[in-house]
Amino acid sequence: MTTAVGRPRTAARIAVALDTADEGRLVDLAAALAGEADVLKVGLQAVTAFGPRAIRRVAEHAPVFCDLKLHDIPNTVAGAAAAAAAAGASMLTVHAAGGAAMVAAAVAAAPAVDILAVTVLTSVDDVLLAELGMDGADVVAPRLARHAVTAGAAGIVCAGHEVSTVRNVVGNAALVVVPGIRPEGAAVQDQARVMTPRAAVDAGADLLVIGRPVTAADDPVAALRTVRTQLAATPSADET
Ligand code: C5P
């Protein structure tokens, strides 16, 4: 009952992304999903629309994964990280591309918060990376991950396809977080590099991030339960 990298299959948790600028909807979703999700993710839409109250109100229901993807000079990122911590965030994202000093500044400013470093967005594919003059995601993601963890990041955000290469450089102590999760048959939408929940867990992800396949469903709680049921029921390759 282990993943490809020897981690227990049951280890993966689920964060639901509450991407909305509507405060009533945010709170309703938080209240409804708190019992089913392990973590609730609050991002740019909500925080830009109504500030730290977005974090505070969701934190009344569940641990908050604050996904601001901070990317600025170290002093500015430190201030924003401290503000997110004061509002009640348990996890906070920064862009690993901001460099080691920026990641370290976030870690120092919010010592009680798990700082997660985003490597390559799941909406970006290798064609776009090449147009930007960059190597492929399989090279860029582990490179950024190594710098971020050395700077003190508690975890890494990457696509499911990079989990094993990232895990190889960051080890088992770091949290590997995977967005771009799409249940079998779900619409890909603006994501480019998606993976099913089962495949991401088997690759070794610790925390799956799933948004619209749950929040845009007629019954978000039922949609999340279906994901959990599929995760529990589908045999992985190492069990067959
Ligand atoms: O709705 P969907 O499942 O695509 O939501 C994915 C969530 O994960 C969004 O909130 C998005 O901002 C976030 N995310 C991502 N790719 C990353 C990092 C975070 O899609 N690399």
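View 1. Cys66 counts as buried because its relative accessibility is 0%. Cys158, at 1%, also counts as buried. Buried means under 20% relative accessible area, exposed over 50%, and partly exposed in between (1.4 Å probe, protein chains only).

Local features need pLDDT of at least 70 and side-chain atom pairs 80 or more, while totals for chains, interfaces and linings use all residues of this predicted model. Residues are numbered from 1 along each chain as its sequence is written, and side-chain values use heavy atoms, without hydrogens and water.

**View 2. The largest nonpolar core.** This core has 70 residues. Its members are buried Ala, Val, Leu, Ile, Met, Phe, Trp, Tyr and Cys residues, joined through side-chain atoms within 4.5 Å. Val16, Leu18, Leu33, Leu40 and Leu92 touch the most other members. Helix 7 (residues 137-150) gives the most to this core, with 6 residues. Helices are DSSP runs (H or I, at least four residues), numbered from the N terminus.

**View 3. Around Leu40.** Beyond its neighbours within four places in sequence, Leu40 is in contact with residues including Val16, Ala30, Val58, Pro63 and Phe65. Contact means heavy atoms within 4.5 Å.

**View 4. Leu132 in its loop.** Leu132 sits in the loop between helix 6 (126-131) and helix 7. Leu132 counts as exposed because its relative accessibility is 56%.

Definitions and conventions
Helix = DSSP H or I, 4+ residues; strand = E, 2+ residues; numbered from the N terminus.
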